[in-house]
Amino acid sequence: KLRPRLCQAAFAACGGTGNIGPVCEAMECFHKASLVHDDIQDGDETRYGRPTVWMEHGIPAAIAVGDWLVAHGYQLIAKSGFAAAAKMLEAVVDSHVQLCEGQGDDLLLPETNPLNLSNDKPFDRAEYLSTCERKTGEAFALAAQLGALAAGVDDAPYRRYALTYGVLFQIRDDLADGADSPELLALQAEY
């Protein structure tokens with residue numbers, strides 16, 4: 001629940017008033033939807049030690065669940081009561097475009113995927129960071145952005161901070177998954 005907590009923290013840091021809970025819930029809906037779809041795309045059979053949605057209920061049901069979670073997230077923001085709800089929804093749409101493009105890069109053939117560090121392709125720092133920003137960093141950036149927008153302040157510094165946090169999260173995740181890469185260790189130290 002890092003993304004909802006980041007949304008709540010940004011809202012509080014910006015002096016926001018009102019109930020940010022539904023917006024935080026929307027962030028969790030978006031994240032869980034991305035995991036449901038990612039598990040299908042990657043063929044992952046377990047998540048958190050349990051069968052994935054597609055393994056338990058089939059691919060068509062899992063796609064419907066993921067789509068419902070996205071739609072419900074939009075609904076929660078639209079009904080949140082914040083004056084900036086329309087601007088928040090616009091940010092979500094822009095973010096989802098970025099997330100889909102980043103996921104598309106991640107799904108490319110292993111020899112062209114910048115996140116697949118086990119191939120023989122030379123490490124391309126710019127490609128790797130671009131995919132990290134769009135696939136992982138974007139969700140963190142959106143969380144902080146929504147918290148700031150709900151509070152009625154300039155969202156840019158919160159978005160930048162959270163994007164950096166999300167990129168570091170992906171780098172650390174790749175390292176934890178066994179990527180033994182001096183380039184990644186250098187990026188981790190840099191971030």
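Colleague: Is Ala126 buried or exposed?
Modeller: The model is predicted: local features need pLDDT of at least 70, side-chain atom pairs count only at pLDDT 80 or more, and totals for chains, interfaces and linings use all residues. Residues are numbered from 1 along each chain as its sequence is written, and side-chain values use heavy atoms, with hydrogens and water left out. Buried means under 20% relative accessible area, exposed over 50%, and partly exposed in between (1.4 Å probe, protein chains only). Ala126 has 55% relative accessibility, so Ala126 counts as exposed.

Colleague: Where is Ala126 found?
Modeller: Helices are DSSP runs of H or I with at least four residues, numbered from the N terminus. The run that holds Ala126 covers residues 125-151 and is helix 6.

Colleague: Which residues make the nonpolar surface patch?
Modeller: Like charges are joined within 9 Å, and nonpolar side chains (Val, Leu, Ile, Met, Phe, Trp, Tyr) within 5 Å. Areas come from the Shrake-Rupley method with a 1.4 Å probe, and for residues only the protein chains shown count as cover. The patch has about 380 Å² and is made by Leu2, Tyr161, Tyr165 and Phe169.

Colleague: Which helix gives the most to the nonpolar patch?
Modeller: Tyr165, a patch member, is found in helix 7 and counts as partly exposed because its relative accessibility is 34%. With 3 residues, the main contributor is the helix of residues 156-176, helix 7.

Colleague: How many aromatic pairs are in the whole structure?
Modeller: Rings of Phe, Tyr and Trp (its six-membered ring) pair if their centres lie within 6.5 Å; planes under 30 degrees apart count as stacked, over 60 as edge-to-face and the rest as tilted. A search of the whole structure gives a count of 4.

Colleague: What is the geometry of the pair of Phe140 and Tyr165?
Modeller: Phe140 lies in helix 6 and Tyr165 in helix 7, so the pair ties together parts 25 residues apart in sequence. Phe140 is buried because its relative accessibility is 0%. The ring centres are 5.2 Å apart with planes at 70°, so the pair is edge-to-face.

Colleague: Which residues form one aromatic cluster?
Modeller: Phe140 also pairs with Phe169 in a tilted arrangement, 5.1 Å centre to centre and 50° between the planes. That pair joins helix 6 to helix 7 across 29 residues. The cluster is Phe140, Tyr165 and Phe169.

Colleague: Which charged end sits over the ring of Phe169?
Modeller: This contact requires NZ of Lys or CZ of Arg within 6 Å of the ring centre and within 35 degrees of the ring normal. At 5.8 Å from the centre of the Phe169 ring, the charged end is that of Arg3.

Key:
Patch = residues over 30% accessible without salt bridge, like charges linked within 9 Å, V, L, I, M, F, W, Y side chains within 5 Å. Salt bridge = Lys/Arg side-chain N within 4 Å of Asp/Glu carboxyl O. Helix = DSSP H or I, 4+ residues; strand = E, 2+ residues; numbered from the N terminus.
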